[in-house]
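Hi,

Here is the structure I promised to pass on. Have a look at it first, and then read my notes below.

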Amino acid sequence: MEELALNPLRRHRNKRQRSLLIEDDWDDVPLISDDDADDQTSSKNARLRKQRNQKRSKRIFNWFCCGGWKTSCLDLLTLIWRLIKKKREPESRTVKIGQPEGGKKYPLNITRNQKYSIFTFLPQVLFEQFKFFLNFYFLVIAITQFFPQLRIGALYTYWAPLGFVLMVTLSREAYDDIKRYLRDREANGKKYTKLVSNDVVPVCCSDIGVSDVIVIQKDQKVPADMILLRTTEKNGSCFVRTDQLDGETDWKLRVAVPSCQQQLQCDEDLFKINGSAWVEKPHKDIYSFTGKFSCTLPNKETKEEPLGIDNALWANTVIASGTAVGLVVYTGAETRSVLNTSIPQSKIGLVDREINTLTKILFAGTLLLSLILTAIKGFSGDWYTTLPRFILLFSYIIPISLRVNLDMGKLVYTWMIMRDKAIPDTIVRNSTIPEELGRVEYLMTDKTGTLTQNEMVFKKLCLGQQLYSDDSMDELRKFLLQLYPPDASSPQYVKDGPVKLALQERIHNSVLALAVCHNVTPVLDKEELPLLSNDIEDDGDETVLFSRATTQLPFRYQASSPDEVALVKWTDSVGVTLVHRELDSMQIRLPNGCIISYSILQMFPFKSETKRMGIILQDDGSKEIIFFMKGADTVMADIVRHSDWLEEEVCHAFHTVPGNVLLVLLKVVIT
């Protein structure tokens, strides 16, 4: 009897355990309960299954409403696109002269600045137009007229102005893109001279490839990123203009590979030395380049030379002097100019943005007024039709003619700018925002020549308490003539003269430092040569270097900075003239006509970080080694010997006048 009394308790305890098991892990419960389960357990299982289905449906709804499907679709499309078109990662390469590397494909050397293609033109332009509230508002208003319940006028009264605005916009965008296409076709079709073994052939810019050897004439644009192998200048240097690359009008000095310039007799010998260049992978930095050039010279000597930024010619730069021969290493999308070019975007003027904002405000007011009138009439019956009809009736508050007048005004403004006689040869590259020119109030620029002529003039020379300006330059010139008597290659100081000995030394050292501490090259165009030009060696180029420094013809100076040109021009005006310059030597003509020669032992070019430059020279006559340095006063004040006049007199004389640039000179005799 006791066992029979305990059995019901055991049965109820088993039921409670099974119930707890179901609540803890209801996924493991079978859909069909055991024969001994009662109706209560079955109903609980059904309720749990219902909750599970509701949670699943909620997750799906949230995934769809929160944009999860967009992310999944984009991930799928991205994966498919990567499988279809695998993007080749840039890498370093070895380029052999005249020998294309088989098995590797490099980008085509084409220029493409178009915004649209045949397939993307219409959808992209329409998207750019209707993403703004003003145009989208007019589109919705025009679409509502297709519904009889909302029609308040003829269809053409809404669609005709909107269609006219779209036609004007499409025509303008098509015209601008066609002009870009024509400019690209002109650039891609430019002819260059390509060197092949024992011959030269013409080649289009778009057909130039990696490992080609291209000859670039003076004032011709560089078609691709190249290594400068040879030039027509004897010292192996040439100047390039980089204003189309970095916006600076200063000429940059480039140097040919020494083994190709000095060891070879002609350009055709480049194909006989088994030359190759290892270059780093393409990147955006236009001020750095690393590489190595290897070749086997005619005397069977194997030579390896480092390559730097001084040996590189970037695409879209222009050869300013001589003729250059270069080896193409990067083309098309891998060039520095293309890597620093962003994808063209549709530009929106400030006027359009302001009108778009005002349209939103007016629409909000229209909607509020429509709601008030609908509420007065009462929200009964077909009020949902009455509300949009009120909005349509008040839509004339935002006139579509405003959009028409804006587009027509831009076209007229563009036409007037291009035909303005006060600014001849002006080309409007983009007719979307010409009105932005009228908003310019302040123009800020530096002296790099982006928006200025970038011409510097020497104004003053301060030597302790003595200051030479424009009024006293004749006095300085006469003193230098007395300092160098006939046939004297060194200054003859006068101890008992009117000028103190210390000041005489300062004047001589200062003028000499300005005449030699630079990176200027004197040249003369053929048009300036007289008929009797026996003193000048003609190398067949339009620009020739002076090989005999005794000539008295006027020089034209080339340098990477207008500051240096201004300094050398001033020393020429006082009688100390730079007459010849090579990579390792220079010659100076003194006021008495004597020529002194210097060997360049080391150059320390100017850098924006150090704000100074220096040069180590050796006088070929006296064998004296001299170190000259010049730099900004803020930097040189900590280097030169402390003096009160540098901080007081000089700063007061120069810094009180805006626009002046102060340089401090230093001379050290190395023993």
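Before the surface figure, one bit of background: accessible areas here come from the Shrake-Rupley method with a 1.4 Å probe. On that basis the protein, which is a predicted model, exposes about 39,900 Å², and carbon and sulfur atoms supply 57% of that area. Of its 671 residues, 39% are buried.

As for the fold, you'll find 18 helices and 24 strands. If you take contacts between residues at least 6 apart in sequence, 63% of them join residues at least 24 apart.

Now the inside. The largest nonpolar core has 41 residues, and Ile507, Trp570 and Phe628 are among those with the most contacts inside it. Several elements give two or more residues to this core, including α13 (473-483), α15 (562-573) and β21 (595-604). The largest share comes from α14, with 8 residues. Met586 is also on the list of residues with the most contacts in the core; leaving aside neighbours within four places in sequence, it touches Val516, Leu578, Tyr598 and Ile615, among others. Another core, of 28 residues, lies apart from this one and includes Val257 and Trp314.

One helix pair is worth a look too. Helix α4 (residues 121-130) packs against helix α6 (residues 156-188) at an angle of about 120 degrees, with the axes 11 Å apart. Because angles from 65 to 115 degrees count as roughly perpendicular and only those over 145 as roughly antiparallel, α4 is oblique to α6. The crossing is right-handed. Residues making the contact include Phe121 and Leu122 of α4, and Leu166 and Thr169 of α6.

Cheers

How values were computed
Residues are numbered from 1 along each chain as its sequence is written. This is a predicted model: local features need pLDDT of at least 70, side-chain atom pairs count only at pLDDT 80 or more; totals for chains, interfaces and linings use all residues. Side-chain values use heavy atoms; hydrogens and water are left out. Helices (H or I, at least four residues) and strands (E, at least two) are DSSP runs, numbered from the N terminus. Buried means under 20% relative accessible area, exposed over 50%, partly exposed in between (1.4 Å probe, protein chains only). Contact means heavy atoms within 4.5 Å. A nonpolar core is a set of buried Ala, Val, Leu, Ile, Met, Phe, Trp, Tyr and Cys residues joined through side-chain atoms within 4.5 Å. Axes are lines fitted to C-alpha atoms, for helices over the stretch in contact, and angles run from 0 to 180 degrees between N-to-C directions. Angles under 35 degrees count as roughly parallel, over 145 as roughly antiparallel, 65 to 115 as roughly perpendicular and the rest as oblique. A crossing is left-handed if the near helix is turned anticlockwise from the far one by less than a right angle, and right-handed if clockwise.
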